[in-house]
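Here is a short briefing on one protein model. Look at the sequence and the 3D view, then work through the points below.

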Amino acid sequence: MQTETLTALVTSVHHNPSEGTTRINLKWLGSHEIGDFNVEKLGKVLNCETETENSGWAIVEGLCRANLGDTIPLR
């Protein structure tokens, strides 16, 4: 049985100043999609996608203040 978590973990943050965006990579445990998490906490979400069963990414407008190890709660 797989353990489930109530948060997603920020695993990397990549600022793109030329486009005015930030890409945040997230990982989690359990059967979730990235849309299950409150990614809007990071800022205005322009795009997001679940990549694997336990990971995904979000692109937010502006230079997001997310840091490695931050957590994003479920909605």
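A residue counts as buried when its relative accessible area is under 20%, and as exposed when that area is over 50%. Values in between are called partly exposed. By that rule, W28 is buried, and F37 is buried too. Keep in mind that this is a predicted model.

**The aromatic pair**

- How many aromatic pairs does a search of the whole structure find? The search finds one.
- The pair is made by the rings of W28 and F37, whose centres are 5.2 Å apart.
- Their planes meet at 40 degrees, so the pair is tilted. Planes under 30 degrees apart would count as stacked, and planes over 60 degrees apart as edge-to-face.
- Both partners, W28 and F37, are buried.

**Strand β4 and its neighbours**

- Strand β4 covers residues 55-61. Five of its seven residues are buried, so β4 is largely enclosed by the rest of the structure.
- Which way do β2 and β4 run relative to each other, parallel or antiparallel? They run antiparallel, and seven bridges join them.
- Strand β3 spans residues 45-52. Six bridges link β3 to β4, and this pair also runs antiparallel.
- β3 and β4 make a hairpin, with two residues between them.

- T22 sits in strand β2, which covers residues 21-27.
- Is T22 buried or exposed? Its relative accessibility is 0%, so T22 counts as buried.
- The bridge partner of T22 in β4 is V60.
- V60 is also among the residues that T22 touches, leaving aside those up to four places away in sequence. Others in that list include V13, H14, H15 and A58.
- C64 is on the list as well. The backbone nitrogen of C64 lies 3.1 Å from a polar atom of the T22 side chain.

- Where is G69 found? G69 lies in the loop between β4 and β5, and β5 covers residues 71-73.
- G69 has a relative accessible area of 44%, so it is partly exposed.
- Leaving aside residues up to four places away in sequence, G69 touches L9 and V10.
- G69 and V10 are 59 residues apart along the chain. Their C-alpha atoms are separated by 5.3 Å.

Technical notes:
Residues numbered from 1 in each chain as written. Predicted model: local features only at pLDDT ≥ 70, side-chain atom pairs only at ≥ 80, totals over all residues. Heavy atoms only, no water. Helix = DSSP H or I, 4+ residues; strand = E, 2+ residues; numbered from the N terminus. Buried < 20%, exposed > 50% of the residue type's maximum accessible area, 1.4 Å probe, protein only. Polar contact = N/O pair within 3.5 Å; in protein donor to acceptor, adjacent residues only side chain to side chain. Contact = heavy atoms within 4.5 Å. Pairing = 2+ DSSP bridges. Phe/Tyr/Trp six-rings, centres within 6.5 Å; stacked < 30°, edge-to-face > 60°.
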